[in-house]
Amino acid sequence: MYAPKIDKFFNTAGPGIPEDHYLLDPLRRIDYDEVRVLINQKRYFVLHAPRQTGKTTSLLAMVKRINDEGIYNCVYVNVESAQTARNDVTTGVKTILSRLESAIKRILALSIPDIESIRNKDEGGSMLIEALESFCARHDKPLVLFFDEIDSLVGDTLVSVLRQLRDAYTNRPRFAPISVILCGVRDIRDYRIHRSDGEIITGGSCFNIKAKSLRLGDFSKSDVRELYLQHTEATGQTFEDDIYQKVWELTRGQPWLVNALANQATWEMLGGRNRNNSITLDIMEEAANQLIISRATHLDQLADKLKEPRVRSVLEAVIAGDNWTVKPLQDDIEYVIDLGLLRNEDSDYIISNGVYREVLPRELSWVMQVGMTSQPKQLRYVEQDGKINIKRLLREFQQFFRENSESWLERFDYKEAGFQLLLQAFLQRIVNGGGTINREYALGRGRVDLLIRWRYPKNVARENQTEQRVLLELKTIIEKKSIDRVLSEGLEQTERYAGQSNSTEVHLIICDERRGKKWNEKIYERSEKVGDFEINIWGI
Ligand SMILES: Nc1ncnc2c1ncn2[C@@H]1O[C@H](COP(=O)(O)OP(=O)(O)O)[C@@H](O)[C@H]1O
Ligand SMILES: [Mg+2]
């Protein structure tokens with residue numbers, strides 16, 4: 001079939017195709033030499049990484065390479081379509097079998113002998129192993145099998161597939177695949193599988209093979225440059241040097257995000273489409289804003305994860321600083337790390353990158369934002385000169401919080417981060433009018449920093465605008481903590497961060513969550529000079 005040759009572009013949908021997309025060598029990313037050794041050693045192993053990291057891209061490149069080398073037969077099967085079978089093993093395995101059959105036909109132009117009679121026995125528990133045996137016995141070249149999206153399988157179907165592979169392992173290479181790679185988000189050995197009989201078992205116990213796990217990492221800083229340079233070479237359009245630090249903060253090398261930002265800047269934004277315009281820091285920042293607001297699929301899928309209670313509880317604890325009452329389980333933290341939402345830095349857990357740091361709290365507070373539509377609009381806070389009047393805003397928030405917090409926090413079931421999220425939801429509606437909030441929080445860091453950046457006046461060229469930089473430092477007082485300590489700690493942290501972030505205005509907001517306190521005691525407003533800064537202190 002003839003497909004027209006097109007200009008390459010930054011891919012944001014599905015695996016990369018070398019003819020169509022700017023691409024880093026997928027075999028280098030995965031360390032093909034190591035994989036090759038594992039295959040030669042006849043291993044069954046796991047390759048895992050968060051969503052949209054490049055797993056499928058790399059697997060497909062390997063299939064091609066292995067078949068080109070000619071020593072092995074190699075097939076790739078995406079098992080996702082068996083997901084719906086859940087505990088119906090026969091239906092699930094039958095689905096996988098027909099995917100396997102068509103992959104063998106499509107990739108190798110071969111077939112599985114006796115497939116019809118194997119299928120007709122209707123034995124989900126042995127169908128897969130029999131089909132593999134039938135294929136391997138017939139062909140001299142050993143078979144290398146890739147199962148992608150393995151963690152889309154659940155329950156009894158997953159258990160059965162893992163057991164059949166484990167049994168196949170003992171028959172390799174003559175009557176079973178010489179090597180199997182299971183690819184997914186988590187290390188299969190960490191799974192807890194809920195069986196239909198109510199028992200919970202681990203993936204490790206059914207895939208009981210001394211297997212190795214490879215984790216595909218994110219891009220390095222030089223990877224990002226290399227990818228962007230491919231665009232410069234193809235089109236002549238340059239990226240200014242100072243964008244790279246920004247792109248790094250925003251993405252930390254997450255492959256989809258790196259592509260999506262560049263795509264936004266060089267294609268979705270009209271100015272960037274003109275190849276004579278070089279991509280500046282301003283364009284990149286705007287691209288990031290647009291991407292966050294656009295709720296692109298990848299970001300949407302992440303947000304979807306917040307429906308899982310354990311993901312939500314971990315992230316709320318992170319957003320609350322160290323003020324949680326129930327510490328999240330280590331197991332749940334590991335899970336959220338595997339999903340790519342958190343990472344470990346200097347023994348703190350922080351949200352993985354700048355874009356996720358914006359998206360996740362927005363999502364967590366989304367219901368609140370929607371419920372706030374009856375609240376005053378942005379205009380009320382914008383002064384004649386275009387600046388935001390933060391003090392007026394915070395006074396309104398105090399009042400809002402006094403009137404609504406109890407019913408809201410109960411209604412939305414925010415166990416830990418209610419106050420922080422409610423304030424963010426309140427601010428979000430203001431900022432939706434054109435500012436940004438940079439957020440910083442970490443499990444264990446004991447505070448939440450929000451830096452609101454607002455350019456004014458509106459409707460003039462960017463270079464003629466001034467940037468208002470407002471630091472909000474959030475602290476909470478919980479039972480058994482002394483108010484004096486929280487205050488002195490808060491003032492010191494606020495001053496330090498105000499200096500680092502070059503803020504023009506500084507606020508420390510202290511939420512008193514101790515039971516039995518009267519609103520009249522809790523709500524106050526005053527200011528104190530610390531170092532170079534006049535710090536406004538708000539009690540809530
Ligand atoms: N080798 C690569 N070079 C550049 N970008 C890549 C590469 N591999 C993946 N990506 C980016 O990651 C996205 C997801 O790739 P994919 O292989 O589907 O990941 P996964 O299977 O891990 O979900 C692609 O849409 C692209 O933006
Ligand atoms: Mg994939």
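I am working on a predicted model here. Asn-502 sits in the loop between helix H21 (483-501) and strand E13 (505-512). I noted its positive phi of about 60°, although Asn-502 is not a glycine.

Next I looked up Asp-114, in the loop between helix H4 (89-108) and helix H5 (115-120). Its phi is near 60°, again a positive value in a residue other than glycine. Asp-114 is partly exposed, with 13 other C-beta atoms within 10 Å.

Then I turned to the cis peptide bonds. One runs from Arg-172 to Pro-173, with omega near -5°; Pro-173 belongs to the loop between helix H7 (155-169) and strand E4 (179-184). Another joins Tyr-456 and Pro-457, with omega about -15°; I found Pro-457 in the loop between strand E11 (448-456) and strand E12 (466-477).

On to ligand 1. I found 21 residues around it, the closest being Gly-54, Lys-55, Thr-56, Thr-57 and Asn-259. The shell divides into eight nonpolar, ten polar and three charged residues. Domain 1 (26-215) and domain 2 (221-294) both contribute to the shell, so ligand 1 lies between them.

Last, I checked Val-355 in helix H17 (residues 354-364). Val-355 counts as buried, with 24 C-beta neighbours inside 10 Å. Leaving out residues up to four places away in sequence, Val-355 touches Leu-250, Thr-251, Leu-257, Ala-288, Leu-291 and Ile-292.

Technical notes:
Residues are numbered from 1 along each chain as its sequence is written. Chains are lettered from A and ligands numbered from 1 in the order in which they are written. This is a predicted model: local features need pLDDT of at least 70, side-chain atom pairs count only at pLDDT 80 or more; totals for chains, interfaces and linings use all residues. A residue is near a molecule or strand if its C-beta atom, placed from the backbone, lies within 6 Å of it. Ala, Val, Leu, Ile, Met, Phe, Trp, Tyr, Cys and Pro count as nonpolar, Asp, Glu, Lys and Arg as charged, and the others, Gly among them, as polar. Domain bounds come from an automatic or database domain assignment. Helices (H or I, at least four residues) and strands (E, at least two) are DSSP runs, numbered from the N terminus. A residue is buried if 20 or more other C-beta atoms lie within 10 Å of its own, exposed if 12 or fewer, and partly exposed in between; C-beta atoms are placed from the backbone. Two residues are in contact if their C-beta atoms, placed from the backbone, lie within 7 Å.
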